[in-house]
Amino acid sequence: MKSYLRYEPKKQFGVIASPQCNAQYDYTGNLAFTGAIQEVCGWNLRQSVQVNKLSFDEPSYPFRTGGDVTILQTSSSKPIIAVGYTNGIVRIYNYLNETLVATLKGHRSMISSLCFDEESVTLVSGGADSDIVLWDLVSYTALCRLRGHKDAITGVSFLKTPQQQYLVSVSKDTLLKVWDLETQCCVQTVVGHRCEIWSLAVLQRASGNSLLVTGAADEVVRGYRLSTTGTTTAVVAGESTSEDSMQVIEFYGSVERQSGGNGSIDKCAGLSFNPEGSLLAAQSSGKMVEFFRVRSAAEAKKKCKRRTKRTDKKASAGVAGAEGEVFNVNMLVLSDELESLPSHTIRCTARVRSFAFDPSYNKHSSHGQSQSQSKGTTNKDCKGMLSLVNNTLEVYVIPLTSSVESNDDNNNETTVQTAVPSKLSVIDLHGHKSDVRAVSMSGDGSMVATCSNESIKIWSGRTQLCLGTCRVEGYCLSLAFAPGGRYIVAGTKEGAVQIFDTASGECVFNTTASHAQKLASTSKSNSKATTNMLSDDISSSSGDGALWAIAIRPDGKGFMTGGADKKVTFWDFAVTAAGLSAVYSKQLEMTHDVLCLKYSPTKSQDRLMVAVGLLDSTVRVYYEDSLRFFLSLYGHKLPVMSLDISYDGTLLISGSADKTVKIWGLDFGDCHRSLLAHEDSVTCVKFQPSTHYFFSAGKDGTIKYWDADRFEQVLLLPGHRGSVWGLDMSQEGAELYSCGQDRSIRLWERGEDLVFVEEERERALEAKVDKAAEHELEADSREREEAGVAHVTSSRNSESAVLTAAARSIESVKGGEMLMAALDLAETELAQSAEAQSQGTKHQYRNPMLLGLTPYTYMVRALRNIKAPDLEQALLVLPFHYVTRLIRMLIQLVRKGLDVELCTKCAVHLLRCHQAQLLHTHNLLEEMLTLKDLLAQSIGSYRSLVGVNMAGVRAMKRRWDDMQEDGIGALAVKQLVK
């Protein structure tokens, strides 16, 4: 059985901020976190460097990859961050030590919104499956599932009132819902929106008059406030609530947003208040972020008074009511509290993905309470961060306006705007702003070059950090390192050949007509002087087509280019005072566009050949010295996108848009085998040096490892999102670099693990079976949840919603099976021990499956091995006869004092799930009562211990407060701790 060495992903770089994920500050304001496809990157905004990266290890690699990051939410008091993924998983990370804290599985599709409570002990997640799940961040279990929306959840937030805490949610179904967290029921539904709601923000105030604003696909921002009546009242026309008897919030009015540059208004994709509550940012789905100033209470009352006076004047003049509102004119509305700041609008060069305020900037200012603000003046400003869809982060300083209030009610308010937002810093050098079209490694592997629109980036081959950026005149499509690794040869979409110095990043040679018609006549002349003259003259001409491919001659003396002008042009390297240059040598005309080309790997001029892939789906092979035709390889049905020649010159592989890779023999031009390689077009192929193994990549986002002698696939390397445009390998074959449409560059490293093709096929088959099983589990869970919701609706029993909060998965099913196996093993050993004791002999636990543990300790170990989020679903897997046996086992575990807390959790969950069956099983009643007494006694001792600890903490807090009042510093704190 033939074996191979496995290639594994080592590093992903080049992505600053994914276009499908938001960006967030940490609670100190020193770090910014962005989604980078499957990872989370932490950035130091002052130094513009990446300081950490949060990722997880996928156990079933390489046949399954984790979802992409879609939403980030940092805690306001702890160094933790919640990350939502496209596969419905929420992961909690500690970003100080870069560790994964917990994995929460409760959704069936993409996570679209996350929110921590004030103490960061509860997390709420909303998904595209229209479900809302509350998570306990102490035990990392699901508390309840809230269902009521009919479309994807777009925003969730906690709303704190003087009496209790509510949860507010908005969705694409145009509904705003208020949930009571104690009863876990919806207590109010606002149906005033006429289009999809995309954003939600809540401004919590110490006075209790909290402000809630929503943004939709229309031109206004709507506001809500806590209801003062508690019952349904008349509101603005078109804004109403459902027929609930309780009303928590009431409509507060609306303010208009600005239109975009083309006159249209984009949807309001994001809303956020700054930490002081003095600014509201409204981010559109286009290139604009606008701001509203939140007036103080005194300013809002004066604005309301002036509006009332204007309304009275209009009424006396016989003019219709202002703006069609039916509010009492003496009542405050949202327009009285929010003031638009057109001069503060930020217009970016690309679409904005998210906006976030710095939580620590001017943290100690108190809006609306200081003496200066009571007079209507302020000199504060704040800082905000924008994440753009072109892989860029921008930081702005947003000044607050100074307003002067007039004592004369007949005069209007005058606003003096002190400054406009200024750009503080930009992070864009660590990645490309568009698709990465090609990748190339230097000969010694110390540098890696990638190209995209208008730029070439040079990366360190050791640390994968960006060493420099070369500005390209045009869209760079192909590149290659010149011999020595100091210069880079690049070809553009406009038809130019450019040579860059890697040290300075400057262009030392540039021609915009490398394939101009003038060169056709020069190919007939052998005069070197004439050739040099023409190569200098064409630099001022326009290009004649995209340069799709560049290949360096094996002896390092020149290179060739091919493109859409249907020509292959050969160049010789020359050294000038400016640096490396290129001198035109000769040209080969083709019948169709040249899409790819390659030299045969030999330094002998007599045996050197050139292979050219054409738009007519053929590959043509020529002798390089005389350009004499040698072979024509035809068989592809669509254009040949890439080709490569093996190290010994005996095999040629070609990848085509017909999804196949063909293996050809270069001796007679026969096709050895045609392989259906990818699910979409094959974009690049690359031989591993000194072997007949090769890699292929396609538009399906996968890379595959093949054996050209056995004609079989060895490995599947998934990871890219979108098309893979480029591949390159080190000279030793130990490292493989890939780049693609997702703007990421990935490094794959050859490890020490052996790969057997048969085992990989079995793993692929198991992955398909697991995927089918997951779909069945999802369908079963959906039916169970729908049944649970119907039960809650009929009986108002909220506990049924708790049972369906956690999602059923393969891990929970495997946990249930492992629990049943452990229970069988423990009972068998206990039975053998009892039998030995009855016979008067001593029994030794010799079963190696116990790992040297007693049956009870082994049973506790099995329960602990099940992750907390999967425990409830794992217990649901157990048949009822295993439930009865597990209850008897729990009695023994509690008596021995083994993990009483875990045993209590299992007992309570089993009782909730099987309450009816347990009550009708008479032989279990006595045991259930025994378990109840044991748990009450054990939990009572834990309660006493917790009470003592809480009393001690309160005493320490009192001493701390006394020392703060007395001015005792950190030394006294250390003495207290000692």
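Ala-480 has its place in strand β34, which covers residues 466–481, and in this predicted model Ala-480 counts as buried, because its relative accessibility is 10% and the cut-off for buried is under 20%. Leaving out residues up to four places away in sequence, Ala-480 touches Ser-440, Tyr-487, Ile-488, Val-489, Ile-550 and Ile-552. The C-alpha atoms of Ala-480 and Ile-499 are separated by 9.8 Å, and these two residues are 19 apart along the chain.

**The chain as a whole**

- The chain holds 15 helices and 56 strands, and of its 978 residues 54% count as buried.
- When contacts between residues at least 6 apart in sequence are considered, 54% of them join residues that are at least 24 apart.

**Aromatic rings**

- A pair of aromatic rings is described by the distance of the centres and the angle of the planes.
- A search of the whole structure finds 21 aromatic pairs, and one of them is the edge-to-face pair of Tyr-224 and Phe-251, with 5.5 Å from centre to centre and 70 degrees between the planes.
- Tyr-224 belongs to strand β20 (residues 220–226) and Phe-251 to strand β21 (residues 249–256), so this pair ties together parts of the chain that are 27 residues apart in sequence.
- Both partners are covered by the rule for burial, because Tyr-224 has a relative accessible area of 2% and Phe-251 has one of 6%, while the limit is under 20%.
- The rings of Phe-355 and Phe-357 are also edge-to-face, because their planes stand at 90 degrees, with the centres 5.0 Å apart, and both of these residues are buried.
- One aromatic cluster is formed by Tyr-4, Tyr-7, Tyr-693, Phe-695 and Tyr-705, which brings together residue numbers from separate stretches of the sequence.

**Charges over rings**

- The charged end of Arg-91 sits over the ring of Phe-56, at 3.6 Å from the centre of that ring.
- In another such arrangement, Arg-437 lies over the face of Trp-725, and here the distance from the ring centre is 4.2 Å.

**Helix α8**

- Helix α8 runs over residues 810–838 and has 29 residues, and from its first C-alpha to its last it reaches 42 Å, close to the 42 Å expected at 1.5 Å a residue.
- After α8 comes Gly-840, whose phi is positive, near 80 degrees.

**The largest nonpolar core**

- In soluble globular proteins, nonpolar side chains tend to be buried together.
- The largest nonpolar core in this model has 38 residues, and the members that touch the most other members are Leu-886, Leu-890 and Leu-893.
- At least two residues of this core come from each of the helices α8, α9 (855–865), α10 (868–877), α11 (880–895), α12 (900–913) and α14 (925–966).
- Which helix supplies the largest share of this core? That helix is α11, from which nine residues come.
- An α-helix has 3.6 residues a turn, so residues three or four places apart point the same way.
- Apart from its neighbours within four places in sequence, Leu-893 is in contact with Tyr-856, Met-859, Val-860, Leu-863, Leu-898 and Cys-903.

Conventions
Residues are numbered from 1 along each chain as its sequence is written. Side-chain values use heavy atoms; hydrogens and water are left out. Helices (H or I, at least four residues) and strands (E, at least two) are DSSP runs, numbered from the N terminus. Buried means under 20% relative accessible area, exposed over 50%, partly exposed in between (1.4 Å probe, protein chains only). Contact means heavy atoms within 4.5 Å. Rings of Phe, Tyr and Trp (its six-membered ring) pair if their centres lie within 6.5 Å; planes under 30 degrees apart count as stacked, over 60 as edge-to-face and the rest as tilted. A charge sits over a ring if NZ of Lys or CZ of Arg is within 6 Å of the ring centre and within 35 degrees of the ring normal. The expected span of a helix is 1.5 Å times one less than its number of residues. A nonpolar core is a set of buried Ala, Val, Leu, Ile, Met, Phe, Trp, Tyr and Cys residues joined through side-chain atoms within 4.5 Å.
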